[in-house]
Amino acid sequence: MGKCKSALEALVNRVMVTSFWQNKKIFLTGHTGFKGCWFCKLLEVLGSKIFGYSLPPAPKSIYMSIYGDELSNGFYADIRDKERLSVEMAKFSPEIVFHLAAQPLVRASYLSPSYTYDVNVIGTLNLLEAVRTTKSVKVVVVITTDKCYKDMNWEWGYREDDLLGGADPYSSSKACVELLCNAWRSSFFNKLGVSLATARAGNVIGGGDWADERIVPDAIRAFQAGMPLAIRSPKAIRPWQHVLEPLRGYMMLAEKLYKAEGDFQTAWNFGPSTNDAKNVEFVARRLADLWGDGSKYMIDEDHTLHESQTLRLDSSRSAQKIGWFPLLDFDESILMTVDWYKRVYNKEKALAVTDEQIKSYMDRVVSHGREQSRQD
């Protein structure tokens with residue numbers, strides 16, 4: 001029995017569901033957001049000690065559905081409040097910092113460009129400065145976006161060393177964050193022994209996203225109201241992926257940085273396979289089909305804001321050096337997403353549905369590791 005247990009532990013360690021995360025002290029910004037809440041739940045499952053720092057959750061949000069105000073370690077504050085951020089980080093004394101707090105919407109950045117830069121750029125600067133005065137921190141992973149690349153409108157995936165850019169305030173602000181992280185790494189963190197990397201994911205989908213101007217929550221709201229989903233840029237291609245996929249990548253990256261197993265202090269893409277980059281109309285049609293009840297979509301021609309037409313990510317660096325690649329294809333990802341909303345609308349508890357989906361995903365991770373072991 002002991003030998004079998006050791007073999008299982010070795011297997012589990014290979015695929016990220018690992019004892020490494022047990023009791024690790026994690027400072028997580030943006031924990032009340034869609035992506036941050038899923039991250040909280042995943043870290044909890046793995047036994048981490050989490051301190052969340054974020055604005056209060058929206059009344060209708062996955063965070064309120066799961067936690068309410070009951071997260072034992074957490075603080076509601078603005079990432080722009082430099083003094084409060086530094087105080088709370090120092091009090092918690094984390095080992096690993098994940099920075100997700102942001103103004104994350106392209107269209108909102110046109111309406112509030114100053115706020116977008118203030119939150120995304122100055123907020124990140126505040127975080128990095130707080131790390132400088134918190135001696136316990138060993139690893140920082142800053143989450144940016146696939147939209148930080150200069151829009152070349154080419155068919156192949158962007159690689160981490162391609163030009164940064166951004167034709168809209170949001171994308172530009174995230175490109176600025178990449179440059180900021182590179183400067184702080186070279187100027188300060190290397191001397192302090194703090195490992196810093198940035199992570200760029202694709203268009204994440206999953207249950208519990210209620211933000212405006214995102215295709216899945218827009219679709220669910222429209223279908224529930226018996227209205228057609230209005231989409232813009234129907235032929236625009238995006239790298240869609242379930243939210244759990246990049247979160248696993250961030251954790252694998254952080255573990256590599258912590259163990260100093262190589263030079264991982266750079267930028268990393270965590271995107272879906274090339275075949276899973278679909279256009280907006282394809283996604284809208286699939287959402288309508290899965291929701292049923294005669295759900296439909298329509299094309300909204302009344303918009304003039306710039307949007308990239310083709311955006312794909314090349315994640316070969318992550319596959320080769322970290323061992324990460326997507327485990328869910330597009331159809332599995334969108335099925336999981338729609339299933340979450342349907343079950344919650346049918347009065348199942350959001351916590352139970354989320355926990356079940358995390359367990360199912362982690363089972364997939366373990367199965368993948370088992371298959372890899374056989375091949376080796």
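Helix α9, residues 244-259, has 16 residues and spans 23 Å from its first C-alpha to its last, close to the 22 Å expected at 1.5 Å a residue. The model described here is predicted. Of the 16 residues in α9, 13 are buried, so the helix is mostly covered. Alanine 260 follows α9 and has a positive phi, near 50°.

**Packing of α8 and α12**

Two packed helices are described by the angle between their axes and the distance between the axes. Helix α8 (residues 215-224) packs against helix α12 (residues 330-345) at an angle of about 40°, and their axes are 12 Å apart. That angle makes α8 oblique to α12. On the α8 side, the contact is made by Val216, Ile220 and Gln224; on the α12 side, by Thr337, Tyr341 and Tyr345. The crossing of the two helices is right-handed. An α-helix has 3.6 residues a turn, so residues three or four places apart point the same way.

**Cysteines**

How many disulfides does the model have? The count is zero, with a disulfide taken as a pair of cysteine sulfur atoms within 2.5 Å. Cysteine 37 is in no disulfide, and the nearest cysteine sulfur, that of cysteine 40, is 6.3 Å away. For cysteine 181, the closest cysteine sulfur belongs to cysteine 148 and is 11 Å away, which is too far for a bond. Is cysteine 37 buried or exposed? Cysteine 37 is buried, with a relative accessible area of 0%. Cysteine 181 is also buried, with a relative accessible area of 0%.

| Cysteine 37 | Cysteine 40 | 6.3 Å |

Tryptophan 154 is in the loop between β5 (139-143) and α7 (169-192). Leaving aside residues up to four places away in sequence, tryptophan 154 touches Asp162 and Thr310.

Glycine 74 lies in strand β3, residues 74-76. Glycine 74 is partly exposed, with a relative accessible area of 33%. Which residues does glycine 74 touch, not counting residues up to four places away in sequence? They are His31, Phe51 and Gly52. Histidine 31 is 43 residues from glycine 74 in sequence, and their C-alpha atoms are 8.5 Å apart in space.

Methods:
Residues are numbered from 1 along each chain as its sequence is written. This is a predicted model: local features need pLDDT of at least 70, side-chain atom pairs count only at pLDDT 80 or more; totals for chains, interfaces and linings use all residues. Side-chain values use heavy atoms; hydrogens and water are left out. Buried means under 20% relative accessible area, exposed over 50%, partly exposed in between (1.4 Å probe, protein chains only). Helices (H or I, at least four residues) and strands (E, at least two) are DSSP runs, numbered from the N terminus. The expected span of a helix is 1.5 Å times one less than its number of residues. Axes are lines fitted to C-alpha atoms, for helices over the stretch in contact, and angles run from 0 to 180 degrees between N-to-C directions. Angles under 35 degrees count as roughly parallel, over 145 as roughly antiparallel, 65 to 115 as roughly perpendicular and the rest as oblique. A crossing is left-handed if the near helix is turned anticlockwise from the far one by less than a right angle, and right-handed if clockwise. Contact means heavy atoms within 4.5 Å.
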